[in-house]
Amino acid sequence: MGEKGCVSLEGKKVILVPYMEAHVPKYHEWMKDPSLLQATGSEPLTLQQEYTMQLSWSQDPNKETFIVLDKDLVVGDFSHGEPHPEAMVGDVNIFMNDLDDPHVAEIEIMIAEPKSRRKGLAKESVLMMMTFAIEKLGINIFRVKIGESNGASLDLFQKLGFVQTSYSSIFKEVTLELQITQPKKEAMLGLIGTVIKHT
């Protein structure tokens, strides 16, 4: 995992870049929104705590985090290694926290900027993240946990082929999974022309 923090992924609509210190102020502003806190199951943090969190995420071997840049909002030419905070619209994460199976990852997507929703950015970001995780991290099962009231996220993942495996009435949360077969992998690779850039 020596590539951690050194990779950007470029698709048709989005560029995924590592979560950098320069992204923290805008991320912190997003996380003042009660609806985003609820949707992501997050607690409000101070700006200093957010900087600490960014550092811990960047060093955690069991987590990969990318900031989603809307290509339409990038000012000037995209340069790998530059944060481009003006184009930040959300983030996509995977957690490899299943101790019994290192090939399982939980995935999360957030498009925080309302003006960038319903443009297909979340779908492309998820496909790119999954392709990266399959090729670089050896993941073959993806899991997602979504609040039952979050219809947009449930719809997105079901359209991508995820199927419900459990429901928590306590947390009012649905768990869905996607098993990656070879045909599924080839179909995903055909859907996106991901360009992986390294520093």
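View 1. Leu16 is buried, with a relative accessible area of 0%, where buried means under 20% relative accessible area, exposed over 50% and partly exposed in between, using a 1.4 Å probe and protein chains only. Because this is a predicted model, local features need pLDDT of at least 70 and side-chain atom pairs count only at pLDDT 80 or more, whereas totals for chains, interfaces and linings use all residues. Residues are numbered from 1 along each chain as its sequence is written, and side-chain values use heavy atoms, with hydrogens and water left out. Leaving aside neighbours within four places in sequence, Leu16 is in contact (heavy atoms within 4.5 Å) with residues including Val7, Leu9, Phe66, Val92 and Met129.

View 2. Leu16 lies in strand S2, which covers residues 14–18; strands (E, at least two residues) and helices (H or I, at least four) are DSSP runs, numbered from the N terminus. Val144 is 128 residues from Leu16 along the chain, and the C-alpha atoms of these two residues are separated by 19 Å.

View 3. The unreviewed UniProt entry places the feature "domain: N-acetyltransferase" at residues 14–163; UniProt positions are given in the numbering used here, feature names are shortened, and annotations may be inferred rather than shown by experiment. Over residues 14–163 the chain is 35% helix and 25% strand, with the end C-alpha atoms 26 Å apart.

**View 4. The fold that surrounds these details.** The protein has six helices and nine strands, and buried residues account for 44% of its 199 residues.
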